Amino acid sequence: MAINVAAYNLIREELAESGATLVAVSKTKPASDIQALYGLGQRDFGENYVQELVDKVPQLPQDIRWHFIGHLQSNKVKYIVPFVHLIHGIDSEKLLREVSKQAVKNNRNIDVLLQVHIAQEETKFGLDAGELGGLLNNFEAEPLPGVRIRGLMGMASFSGNKDVVGAEFRYLRSLFDQHAARTSEGLLFDLLSMGMSGDYQLALAAGSNLVRIGSLLFGARN
Ligand SMILES: *Cc1c(COP(=O)(O)O)cnc(C)c1O
């Protein structure tokens, strides 16, 4: 196992221009790889699986900001709320309510992003535009304690067609802009999480300020 230092430095340079934050996606990779990237100054790491994340946290420095980027089940929220920095994949009101409940229990304020379905593939999770508007309207009418909605997250189609992928990112950006004007309690739209190893440049061009990159940094996953 080895991290790709050259790729890391290059990505850091590219991101410095836009001011976007890099989340290094370390799912399936050993704690030693995370430690190596941490040694280069990286502090934001993303994981997809609750058990894997909970196992890794005690092995690694305490000032790491852990991003949960996977599909989160309500019954597992309680395991990550004590330490998580940002939950990217909120895709239902039920899940948001559970985060609120656990946040209050743990005396924490948890920042979350709402996941929007922007890809053509049926299998990707997320709200559609109507569901997003509905959830935000309900939240404005009845803010949930302990949670702050910081913006949106999305995954583009797994496609080599840059026009398709670019259009999907621009669509998410337009939804972000549309809702960024909301200013109620518990709403602060300042984060737009989009872009992975294969498409982060297109995402940055569309206005992403949070990219989630795994394989370019850590190598391909098995
Ligand atoms: C795995 C994963 C990534 C990183 O993917 P790479 O192609 O390895 O950069 C980003 N976002 C989410 C939601 C993921 O599940």
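Let's start with helix 5 and its buried residues. They are Leu95, Leu96, Glu98, Val99, Ser100, Gln102 and Ala103. Keep in mind that this is a predicted model.

What lies over those buried residues? The cover includes helix 4, which is 77-80, and strand 4, which is 86-90. It also includes strand 5 at 110-117, helix 6 at 129-141, and strand 6.

Now a quick check on the helix itself. Helix 5 runs over residues 93-105, so 13 residues. An α-helix has 3.6 residues a turn, so residues three or four places apart point the same way. After helix 5 comes Asn107. Its phi is positive, near 60°.

On to the ligand. Which residues come nearest? The shell holds 13 residues, and Lys27, Asn48, Ser197, Gly214 and Arg221 come nearest. Let's take three of these in turn. The side chain of Asn48 puts an N or O atom 2.7 Å from an oxygen atom of the ligand. Gly214 uses its backbone: an N or O atom there is 2.8 Å from a ligand oxygen. Arg221 has a polar side-chain atom 2.8 Å from an oxygen atom of the ligand. How much of the ligand is covered? On its own, the ligand has 380 Å² of accessible area, and the protein covers 91% of that.

By class, the shell has six nonpolar, four polar and three charged residues. Strand 6, at 147-155, and strand 8, at 210-213, each supply at least two shell residues.

Next, Asp44. You'll find Asp44 in strand 2, residues 44-47. Buried or exposed? Asp44 is at 7% relative accessibility, under the 20% cut-off, so this residue counts as buried. Who touches it?

Last stop, Ser157. This residue is in the loop between strand 6 and helix 7, which is 162-180. Its relative accessibility is 4%, so Ser157 counts as buried. A polar atom of the Ser157 side chain lies 2.9 Å from the backbone nitrogen of Gln120. And how does Ser157 sit relative to Asn75? They are 82 residues apart in sequence. In space, C-alpha to C-alpha, Ser157 and Asn75 are 28 Å apart.

Definitions and conventions. Residues numbered from 1 in each chain as written. Predicted model: local features only at pLDDT ≥ 70, side-chain atom pairs only at ≥ 80, totals over all residues. Heavy atoms only, no water. Near = heavy atom within 4 Å. Polar contact = N/O pair within 3.5 Å; in protein donor to acceptor, adjacent residues only side chain to side chain. Areas by Shrake-Rupley, 256 points an atom, 1.4 Å probe, with all protein chains shown as cover. Helix = DSSP H or I, 4+ residues; strand = E, 2+ residues; numbered from the N terminus. Nonpolar A, V, L, I, M, F, W, Y, C, P; charged D, E, K, R; others polar. Buried < 20%, exposed > 50% of the residue type's maximum accessible area, 1.4 Å probe, protein only. Expected span 1.5 Å × (residues − 1). Contact = heavy atoms within 4.5 Å.
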